[in-house]
Amino acid sequence: MTALAILGVLSSALFSGASLLYATLGETINQRAGIVNLGLEGVLLISGATAVAVTSLTGNPYFGILAAVLAGGLTNIIMAFLVVTRKGNQLASGLALMFFGFGVSALIGRAFVGLRIDGLPRFALPGLANLPPRYSSLFQFDMLIYLAIPAAVFVWWLLFRTRWGLGVRAVGENADTAFAAGRNPNLVKYQALFAGGLLAGLGAAHLTIAYVLNWSEFMTGGRGFIAIALVIFSKWNPIRAIAGALLFSGAVAFQLLLQASGVEISPFLLDTLPYLLTILVLMLWGGSRKYAAPASLGRVYMGTE
Amino acid sequence: MSTSAESGRRSSVIIQMLSGTVGRYLSMLVIALLLFGIIILISGRNPITSYRELFGSTLGSWRGFSEVLVAMTPMVLTALAVALPARIGLINVGGEGQLYMGACAATWGALTFSAAPAWLLLPLMIVLGMLGGALWALIPGLLRAMGLVNETITTLLLNAVAPLLVAYFVFGFWHSPMDTNRTPNFVEAARLPTLADTRIDLGLLIGIFLLAAFWLFMRYTRWGLEMRAIGGNPEAAQRNGVPVKLYIVIVLCAGGAIAGLAGMAQVSGYYGVLLTGFSRGAGFLGFLISWLSFGNPVSILLTSFLVAVILTGGSMLQLTTALPYAVINILLAMALFVVLSGINIFPGRRTT
């Protein structure tokens with residue numbers, strides 16, 4: 001096993017980890033506002049298909065990103081309408097949104113299946129540009145990878161250091177109290193879902209037009225559900241989500257390394273690790289108050305009369 | 001929710017609920033068909049002929065109708081797998097995973113005892129399928145009963161693990177000489193019998209039987225009464241000596257067993273082979289159907305039928321409009337959105 005191969009594996013872990021992190025950040029905002037969005041998988045699919053379609057039509061990946069981000073935000077507005085305005089059940093609405101995403105993404109992407117697109121340009125950080133070519137090509141990342149960790153810090157700042165974030169968390173803990181304190185819980189939930197959708201769209205755009213570089217039906221392959229597991233795993237904290245996303249996508253890299261060094265472990269069993277780890281972590285916390293989920297997660301806010 | 005003990009009052013409540021249900025379904029169909037019609041129109045087809053094909057192909061012939069019944073089989077079972085635990089307040093989002101584990105265990109039986117006669121092999125596969133699903137629900141059940149982790153999260157997470165385990169077994173041990181992602185075809189003795197010359201298998205009959213049994217069980221047995229007590233107020237039930245924790249574990253496992261049975265019926269009846277990733281959401285559809293039906297057995301049957309019409313008709317749309325099959329999910333989702341948002345353009349008598 002050469003250093004080159006190891007670095008290559010780590011580099012690909014960063015690529016798959018970045019899109020996961022964006023989606024996780026989006027879902028974190030949603031859940032902090034008290035909304036479990038099981039439709040994340042569908043949102044990712046719609047945004048991913050939109051990113052490929054727009055990039056392919058305009059020839060400009062930045063338009064693709066923009067369109068994907070907007071598509072994500074708008075799709076989540078459907079969720080907001082169902083669970084906030086019409087007070088529908090969150091789990092059922094999320095699953096319906098997932099099926100919606102299956103269909104809409106197939107419709108948008110049908111003309112682009114298998115078409116290879118020119119992805120987001122990659123460039124090296126200034127300090128790394130002087131490495132020998134075969135190494136430096138491994139350290140060429142696209143813009144969205146460089147921005148992933150700053151984005152996590154930004155979301156943390158948004159949630160824990162701004163007035164808006166305080167409102168989101170207050171609504172997620174207890175909408176009645178937030179209302180009494182002068183917030184509009186419904187408006188806050190709409191905003192949180194829209195913001196979360198924008199981030200999910202960014203993640204999907206990275207997956208399709210920076211990493212995989214084409215479109216196929218159901219290509220997200222359960223990433224939405226991994227992201228939901230990650231939100232719980234990282235205790236609803238954007239900073240911990242960085243480590244979580246690296247750990248989860250690193251499992252794939254780890255498996256390649258193991259195979260190369262002659263240890264045979266089924267890739268399928270390794271893929272189960274993120275989920276099993278999350279359940280294990282939940283068990284270890286037990287009922288501990290400190291790590292509890294936002295108190296009104298999943299509940300319908302019926303309004304205050 | 002009426003708790004009146006008079007049976008007359010109760011039956012009028014049931015009639016009201018059903019008329020409300022019919023109104024909801026009509027709204028769902030009309031609005032969803034209108035919205036989806038716009039999409040068909042945009043993709044350059046005539047919605048009216050498309051719809052004529054959709055309904056003609058499903059409800060217009062015995063052949064099409066029988067295919068609808070085939071499609072609704074796993075949904076009836078997975079919906080019941082959600083409705084049963086819901087009666088004591090448990091949210092089982094794990095039907096998909098339990099279905100996979102049931103299929104996995106049943107396949108093990110079919111491959112290992114392929115020399116056994118059908119009268120022995122099929123019951124064995126049914127038991128194995130139910131055990132597979134039940135074991136998959138045992139983990140969330142125990143964790144919930146111990147007060148460690150909420151069953152919603154664990155059942156959801158285990159959904160993702162089950163297909164991976166199936167892939168592990170199929171790729172690693174069971175795959176046929178020709179393909180790596182499927183087992184060899186099951187022997188004839190491992191196939192559920194089908195009705196006449198259709199593809200309707202015994203699974204549908206079992207599903208309808210279980211729905212009826214579920215209704216009778218909840219209504220007429222001591223355990224049904226105790227479950228209703230837990231659903232109403234777990235603390236009060238506990239104080240009255242109902243073993244709530246035991247019920248949590250057993251009822252969730254029973255739900256898992258029913259979903260496992262759906263998986264068994266899929267591999268033994270419909271496919272006759274275990275494919276990796278064979279189910280794309282039957283377990284999730286079951287959750288939606290159960291939720292939309294308020295766990296009512298008759299509504300479960302009706303809703304499964306409607307969903308099956310949409311999904312079966314989708315394959316006809318694929319042939320005639322050249323749209324990908326997955327596009328039919330839009331029509332399904334729009335119908336679900338309408339019901340979820342509680343929009344009823346044919347309001348009957350108000351039930352509240």
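**Exercise 1.** In this predicted model, state what share of the contacts in chain A between residues at least 6 apart in sequence join residues at least 24 apart.

*Solution.* Take the contacts in chain A between residues at least 6 apart in sequence; 80% of them join residues at least 24 apart.

**Exercise 2.** Decide how the radius of gyration of chain A relates to that of a compact globule.

*Solution.* Step 1: for 305 residues, a compact globule would have a radius of gyration near 19 Å. Step 2: chain A has 20 Å, which agrees. Step 3: for the extents, the C-alpha atoms of chain A fill a box of roughly 65 × 45 × 35 Å along the principal axes. Step 4: of the 305 residues in chain A, 52% are buried. The chain contains 13 helices and 2 strands.

**Exercise 3.** Classify the packing of α3(B) and α4(B).

*Solution.* Step 1: helix α3 (residues 62-86) and helix α4 (residues 95-112) of chain B pack at about 125°, their axes being 10 Å apart. Step 2: angles of 65 to 115 degrees count as roughly perpendicular and those over 145 as roughly antiparallel, so α3(B) and α4(B) are oblique to each other. Step 3: their crossing is right-handed. Step 4: α3(B) contributes Thr78(B), Ala81(B) and Val82(B) to the contact, and α4(B) contributes Gly95(B), Gln98(B) and Leu99(B). Step 5: these residues divide into 3 nonpolar, 3 polar and no charged.

**Exercise 4.** Describe the side of chain B that touches chain A.

*Solution.* Step 1: 35 residues of chain B are in contact with 35 residues of chain A. Step 2: α6 (151-174), α11 (282-292) and α13 (328-340) of chain B each supply at least two residues of this side. Step 3: α6(B) gives the largest share, 10 residues. Step 4: by type, the side comprises 28 nonpolar, 7 polar and no charged residues.

Conventions: Residues are numbered from 1 along each chain as its sequence is written. Chains are lettered from A and ligands numbered from 1 in the order in which they are written. This is a predicted model: local features need pLDDT of at least 70, side-chain atom pairs count only at pLDDT 80 or more; totals for chains, interfaces and linings use all residues. Axes are lines fitted to C-alpha atoms, for helices over the stretch in contact, and angles run from 0 to 180 degrees between N-to-C directions. Helices (H or I, at least four residues) and strands (E, at least two) are DSSP runs, numbered from the N terminus. Angles under 35 degrees count as roughly parallel, over 145 as roughly antiparallel, 65 to 115 as roughly perpendicular and the rest as oblique. A crossing is left-handed if the near helix is turned anticlockwise from the far one by less than a right angle, and right-handed if clockwise. Two residues are in contact if their C-beta atoms, placed from the backbone, lie within 7 Å. Ala, Val, Leu, Ile, Met, Phe, Trp, Tyr, Cys and Pro count as nonpolar, Asp, Glu, Lys and Arg as charged, and the others, Gly among them, as polar. The radius of gyration is taken over C-alpha atoms; the globule rule is 2.2 Å times the number of residues to the power 0.38. A residue is buried if 20 or more other C-beta atoms lie within 10 Å of its own, exposed if 12 or fewer, and partly exposed in between; C-beta atoms are placed from the backbone.
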